[in-house]
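Here is a short note to read alongside the model. Please keep the structure open as you go through the points.

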Amino acid sequence: MLKHAFILVTLAAGVLSGCSITPSHPPSSLEYAPVPSTYQRGELNGETLFDLLVAELAGHEQAYDLSFQKYLKQAELTGDPAIIRRATRIAQFNKDTQGLEKASKIWAKYEPNSSEPDELLAGLFMHQGRFEEAVPYINNALSNNGRQVLLLMSAQARNLSPAQAKALIEPLQQQLASNAQQADIWLTLGILQRQALLKSDALTSFTQALSINPDAYEASIQKADLLRETGKTTSALAILNGLLKKQPDNKQIKLLKVQTLYKAERPANALALSETLMADHPDDEQLQLYLALLALDFNRLDDSETMLREIIKQSTNTAPYFYLGLIAEQQNRNEAAIRNYLRVDEGKNVIQAYTRAVGLMENIDNQERVSEAIVQGIEQQPSIAPILINLHADWLRKHGLNAEAIDKLNQGVELYPDNLDLRYMRAMMLPEEDFPIAEQDFRIILEQDPDNAMALNALGYTLSLYTQRYQEAYELLSRAIQLKPNDPAVIDSMGWVLYKLNRLDEAESYLSKAYQSFSDAEVGSHLVIVLAAQQKTQQARALLTELEKKFPNSPHLSDAQNALKGI
């Protein structure tokens, strides 16, 4: 068998790595003409040995692509299980999904009774969203008693859409049709049914799993959690209490019981169990934060705040301040909320904390305070400086301080010239006289991101406003509308440039569609102007009257009013 080749490869590799060979005479000028090798499964030949030797040496030098190519070639030619498995392992190690697929399919071909290649392929296809292709390999794996595929399906379930989960249900049902006494398959089926929003079916499946194996822990947890989710808290608590008798120190069960007690509107019991958990696990900061957020989710603001402050006492982690800010904001204690938000200097909520803090500084008298907050944020988190500069500019714009906002953006672009968000914000805010700078910003964005529909739309629309380059604007907007065919802003822009090109019927069609989707003053004003240009005076006046009632102070209406004067 070819397994002996590995011994030869290892010996040969050792000889080659341990010796320095110097030729005693010049090599022959005759070219070596290799004798074609004959491949017969189970037989060793010189080409196989040579390829395996090259593969092992390549692997030793971390040239894994070459190593895999040689092993895959010999796997295909020899069908030897050891070589096939070696090729598969190299592909796994090298995270080569295409190679893994090729090697696993060869493995499945030559070892049809092995579940592992089918499990590898099923897992790979599920991870890539190729669910229909995964189904036959799931069936094969289960037919060969491969239980690993069930764990893969359960692990992937939360990442599936309801439709994707449904696609994986059928192979499990087929297995159960031939043998219904398989608790692990009933469990996996229930998990997929739950993800597919078939909650009643899922409950039946979990119950069936437990009827086969009453001690199936995961099935009990899944059933209790589903009962909690569907409001059947008494039944859920009965299961959890039964589990706790067997496993009194199990943290997962206690956490699920806390959730269930809150759902059952028994907050005092939930708080008492939370306090017990926190006392039992004083160093588990993640657990303590989870319990605090559970209380917050169920609007137990005071209890949540107490727990968060306990965490802060024992830790330097500033993340809990974000949630203290949320609590204070819900209680209309805006100053306390701002202070808490601005103390967050780490974690996933830093940007949101600054956004909320700046948003609460509503009065224009807070201009200096906003500036100080932004400077503080940039000093603490330099990596999010462009986002904070945009946040600052947006605050200034909302308060009518456009010149100051543009100045901040100019500084930001100078410091971070490759940041497209800063350029986009600046381009959108620049006045007509600075349109060349805005166009340059849009062009830079589109050079790096040609399919940026927002930039295509913005440049196309501003070209139609500030220049007579209407055909160029139309071409940009045509690209934008291919990318975002249902976006009212893009549809409105296309309608407006068609009006500029005097294609009035098309303009009306686009603008009517935009106004139906997004009935704002600017879109409506555009439609009034086009209707007026078509001499559809009655429709135009009716729409203008509607707009004047909805948006009495909108500056966009003046153009629409002017379009109807003298008609």
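**Notes on the predicted model**

1. Start at Ile 567. Its relative accessible area is 40%, so Ile 567 counts as partly exposed. The classes are buried (under 20% relative accessible area), exposed (over 50%) and partly exposed (in between), with a 1.4 Å probe and protein chains only. Ile 567 sits in the segment after helix H33 (557–564). Helices here are DSSP runs of H or I, at least four residues long, and strands are runs of E, at least two long; both are numbered from the N terminus.

2. What does Ile 567 touch, leaving out residues up to four places away in sequence? Its partners are Ala 532, Thr 537 and Arg 541. A contact means heavy atoms within 4.5 Å. Thr 537 is 30 residues from Ile 567 along the chain, and their C-alpha atoms are 7.3 Å apart.

3. A word on the basis. This is a predicted model, in which local features need pLDDT of at least 70 and side-chain atom pairs pLDDT 80 or more, while totals for chains, interfaces and linings use all residues. Residues are numbered from 1 along each chain as its sequence is written, and side-chain values use heavy atoms, without hydrogens and water.

4. Now the whole chain. It has 33 helices and 0 strands. Its radius of gyration is 34 Å, whereas a compact globule of 567 residues would have one near 24 Å. That radius is taken over C-alpha atoms, and the globule rule is 2.2 Å times the number of residues to the power 0.38. The C-alpha atoms fill a box of roughly 95 × 80 × 50 Å along the principal axes. Of the 567 residues, 46% are buried.

5. Next, the aromatic rings. The structure holds 8 aromatic pairs. One of them joins Phe 125 and Tyr 137, a tilted pair with 5.7 Å between centres and 55° between planes. Phe 125 belongs to helix H6 (residues 115–127) and Tyr 137 to helix H7 (residues 131–143). Both residues are buried. Rings of Phe, Tyr and Trp (its six-membered ring) pair if their centres lie within 6.5 Å; planes under 30 degrees apart are stacked, over 60 edge-to-face, and the rest tilted.

6. Why is the pair of Phe 322 and Tyr 323 edge-to-face? Their planes stand at 80°, with centres 5.2 Å apart, so the pair is edge-to-face. Phe 322 is buried at 3% relative accessible area. Tyr 323 is buried too, at 12%.
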